[in-house]
Amino acid sequence: MLDNNTVAVPRLAATHLSKWYGHVGALREVSVEFWPGLTGIVGDNGAGKSTLLKIFSGFEVPDEGEVLLDGHPVAFHTARAARTVGIESLYQSLALVNTLSVADNVFLGRELYRRILGMRVVDRRAMRKDADDALKLLRISMPPSRVGVKQLSGGQRQAVALARAMYFGARVVLLDEPTASLGPRETAAFLRIIRDTADHGETVVVVGHNLPQMLELADHLLVMRAGRIVAAFSPKETSLRELTDFMVGSA
Ligand SMILES: Nc1ncnc2c1ncn2[C@@H]1O[C@H](COP(=O)(O)OP(=O)(O)OP(=O)(O)O)[C@@H](O)[C@H]1O
Ligand SMILES: [Mg+2]
């Protein structure tokens, strides 16, 4: 729904993005828009999916082209810079500090403070409460947020990272094969969390290889092949067969 003051611009977009690794054109003039909701990206190995996400999340810098957030050009050279403007990327191993508690991980680098006798001290109690509240929103069963994250399963770890993204008002969440190393139950739970996040109004982008899963999960599907976006579908309008044909180039 648009009100009178809202201009219809995609939350995240790119124009003519190209990225070369030596002679390999990992991305070739990719232009794309991401709106609130869940966009799935599928494609064969080496199609450029991760490269695209890495550019949006500040891990890679494009050779050409521009990234736009809410219609404004942005350029970042670090994941931290991308996060500062509201673009979170989740990687299972990368996101959390094993030696810290769940709550400390949610607030890592952005701790809450209170004053005791004029001194600024970290407000652990407030952090635990807010972390527990944020995790409750995700409806995932978790140990209390004071426990160390090294005790968590893969799906729970990603839930912590997602809770952090949502607590700090991330506008865009990027996930590269988020369920690749999860078991069936964890996968189902985490997919539901991802879906809830998108329904909550975030712009969620998920790269995945499991086509039936992506057909069921996504609001929009993009197919990449050899550094290009070669097709865009609503899941209702396409099929496994058609997606595969576009992925391998026989369509
Ligand atoms: N750091 C790098 N150095 C050299 N080549 C790279 C690098 N990263 C990616 N590439 C190449 O760029 C192309 C696109 O890679 P990318 O990782 O984006 O593919 P992908 O679609 O994510 O594949 P997969 O499904 O296997 O994860 C591939 O040919 C890959 O070999
Ligand atoms: Mg990849």
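Tutor: A residue is buried if 20 or more other C-beta atoms lie within 10 Å of its own, exposed if 12 or fewer, and partly exposed in between, with C-beta atoms placed from the backbone. The model is predicted: local features need pLDDT of at least 70 and side-chain atom pairs count only at pLDDT 80 or more, while totals for chains, interfaces and linings use all residues. Residues are numbered from 1 along each chain as its sequence is written, and chains are lettered from A and ligands numbered from 1 in the order in which they are written.

Student: What makes helix 1 largely enclosed by the rest of the structure?

Tutor: Helices (H or I, at least four residues) and strands (E, at least two) are DSSP runs numbered from the N terminus. Seven of the eight residues of helix 1 are buried, so the helix is largely enclosed. The buried ones are K49, T51, L52, L53, K54, I55 and F56. After helix 1 comes G58, with a positive phi near 85°.

Student: Why is R110 called exposed?

Tutor: R110 has 11 other C-beta atoms within 10 Å, so it falls in the exposed class. Its place is the loop between helix 3 (102-106) and strand 7 (113-116). The C-alpha atoms of R110 and F168 are 9.1 Å apart, although 58 residues separate the two along the chain.

Student: Why is H16 called partly exposed?

Tutor: H16 has 13 other C-beta atoms within 10 Å, so it goes in the partly exposed class. H16 belongs to strand 1, and its phi is near 50°, a positive value in a residue other than glycine.

Student: What class does E29 get, and on what count?

Tutor: E29 has 15 C-beta neighbours inside 10 Å, so it counts as partly exposed. E29 lies in strand 2 and has a positive phi of about 50° without being a glycine.

Student: How do you know which residues surround ligand 1?

Tutor: A residue is near a molecule or strand if its C-beta atom, placed from the backbone, lies within 6 Å of it. By that test the shell consists of Y21, V24, A26, G43, N45, G46, A47, G48, K49, S50 and T51. Helix 1 gives the largest share, three residues. Strand 2 (24-34) and helix 1 (49-56) each supply at least two.

Student: What makes the pairing of the six-strand sheet mixed?

Tutor: The order of this open sheet is 6-9-10-3-11-12, and its pairing is mixed. Strand 3 (residues 37-43) and strand 11 pair in the parallel sense over five bridges, with I41 partnered by L222. Strand 11 (residues 220-225) and strand 12 pair in the antiparallel sense, also over five bridges, and L221 has F233 as its bridge partner. Strand 11 and strand 12 form a hairpin with two residues between them, and A226 in the turn has a positive phi of about 50°.

Student: What makes a set of residues a nonpolar core?

Tutor: A nonpolar core is a set of buried Ala, Val, Leu, Ile, Met, Phe, Trp, Tyr and Cys residues joined through C-beta atoms within 7 Å. The largest one has 66 residues, of which A159, L162, A163, V173 and V206 touch the most other members. Helix 5 provides the largest share, seven residues.

Student: Which residues does V173 touch?

Tutor: Contact needs C-beta atoms, placed from the backbone, within 7 Å. Leaving out residues up to four places away in sequence, V173 touches E88, L90, L162, A165, T197, E202 and V204.

Methods:
Pairing = 2+ DSSP bridges. Contact = placed C-beta atoms within 7 Å.
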